[in-house]
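Reader: I would like a close look at one part of this model, and then at how other parts compare as separate stops. Keep it brisk, and keep to what the atoms show.

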Amino acid sequence: NKEAPWSTPQNLGAPVNTEFNDFCPTPLDGRWLMYVSERPGETTCNARPGFGDIYLIRQNAAFGWSTPQHLGCVEAGTGPNSAGAEFSPSLVKTKQGTFLYYSSTASGNHDIYMSRQRHNGSFEPPTPVAELNTASDDRMPNISPDGLEIVFSSNRPVDANGTPGAGSFDVYVSTRSHTSEPFSVPVNLGSNVNGAGSETRSTISADRKRLYFGRDGEIYRAFRQRK
């Protein structure tokens with residue numbers, strides 16, 4: 001059950017993992033897994049090593065993991081990946097459609113993007129989520145399952161309320177009342193969550209009561225306090 005301790009981690013092996021960096025795993029319904037890989041190959045959008053693309057793979061109970069599917073390149077109009085580096089895919093299903101949120105260095109600066117999934121499962125070319133991005137480094141978004149709240153990391157010096165950042169990267173949050181609306185101006189989650197270290201790849205639980213994030217190489221959890 002949800003309160004039981006975690007088992008010993010197991011390496012997923014090939015074809016999920018390679019000798020190159022494979023990271024930012026995002027589990028999806030139906031035994032699907034979306035993640036980022038720096039593996040080379042003809043389908044990648046990058047000629048240089050160290051620049052990851054987003055992949056999708058499915059586990060079959062009888063036959064194991066399928067061949068990873070590359071989500072396509074924005075330069076070719078076939079998907080969200082670019083010649084830059086992609087991070088932290090986060091998928092959400094709404095009444096307006098299914099959307100992929102992630103961050104990328106496609107513009108030269110690290111920004112947050114959104115790509116709509118087509119009916120055939122492929123993804124449209126992405127658009128930047130303007131209300132979340134700044135001239136600073138805005139990365140690793142994760143959207144809540146209801147699509148109404150999004151968290152991400154940023155090294156912007158202050159938020160909209162004038163709250164200064166606590167460390168290299170802080171967790172910021174933005175909300176909206178309906179999935180058809182833009183997100184609110186992001187705000188820093190404050191000293192209850194952010195510290196002098198670097199907070200990265202935050203994730204909201206399905207019930208929106210727990211926040212998981214990394215800080216300087218370790219994983220932390222925070223609970224939403226009742227008012």
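Author: A disulfide here is a pair of cysteine sulfur atoms within 2.5 Å. The model is predicted. With that cut-off, the structure holds one disulfide. Cys45 and Cys73 form it, with their sulfur atoms 2.0 Å apart. That distance of 2.0 Å is within the 2.5 Å limit, so the pair counts as a disulfide.

Now the handedness. The torsion about the S-S bond of Cys45 and Cys73 is about -100 degrees, so this disulfide is left-handed. The pair links distant parts of the chain, 28 residues apart. Cys45 sits in the loop between β2 and β3. Cys73 sits in the loop between β5 (69–70) and β6 (86–94). Both cysteines of the pair are buried.

What about Cys24? Cys24 is in no disulfide. The nearest cysteine sulfur is that of Cys45, 16 Å away. Cys24 has 8% relative accessibility, so Cys24 counts as buried.

Next, the strands around this part. Strand β1 covers residues 22–28 and pairs with β2 in the antiparallel sense, over five bridges. Pro27 has Leu33 in β2 as its bridge partner. β1 and β2 form a hairpin, with three residues between them. Gly30 is in the turn and has a positive phi of about 80 degrees.

Strand β2 spans residues 32–37 and is mostly covered. Five of its six residues are buried. β2 also pairs with β3 (residues 53–60): six bridges join them, and they run antiparallel. Here Met34 has Leu56 in β3 as its bridge partner. Strands of a sheet pair through backbone hydrogen bonds, either parallel or antiparallel.

Two further buried residues are worth a stop. Asn133 lies in the loop between β9 (127–128) and β10 (138–143). Its relative accessibility is 18%, so Asn133 counts as buried. Not counting residues up to four places away in sequence, Asn133 touches Asp111, Ile112, Pro128 and Asp138. Asn133 and Ile112 are 21 residues apart along the chain, yet their C-alpha atoms are separated by 6.4 Å. A polar atom of the Asn133 side chain lies 3.1 Å from the backbone oxygen of Val129.

Ile150 is in strand β11 (residues 149–154). At 0% relative accessibility, Ile150 counts as buried. Leaving aside neighbours within four places in sequence, the contacts of Ile150 include Tyr101, Leu132, Pro141, Tyr172 and Phe183. Asn142, Ile143, Val173 and Ser174 are also among them. By contrast, Ile150 and Glu75 are 27 Å apart in space, C-alpha to C-alpha. In sequence, Ile150 and Glu75 are 75 residues apart.

The last stop is an open sheet. Three strands form it, in the order β14-β15-β16, and the pairing is antiparallel. β14 (199–204) and β16 (218–223) are the edge strands, as each pairs on one side only. From one strand to the next, the twist averages 25 degrees. Strand β15 (residues 210–215) pairs with β16 over six bridges, in the antiparallel sense. Arg215 stands opposite Glu218 in β16.

Back to the part we began with. Cys45 and Cys73 form a disulfide, and both are buried. Cys24 is buried too, but is in no disulfide.

Notes:
Residues numbered from 1 in each chain as written. Predicted model: local features only at pLDDT ≥ 70, side-chain atom pairs only at ≥ 80, totals over all residues. Heavy atoms only, no water. Buried < 20%, exposed > 50% of the residue type's maximum accessible area, 1.4 Å probe, protein only. Helix = DSSP H or I, 4+ residues; strand = E, 2+ residues; numbered from the N terminus. Pairing = 2+ DSSP bridges. Contact = heavy atoms within 4.5 Å. Polar contact = N/O pair within 3.5 Å; in protein donor to acceptor, adjacent residues only side chain to side chain. Axes fitted to C-alpha atoms, helices over the stretch in contact; angles between N-to-C directions.
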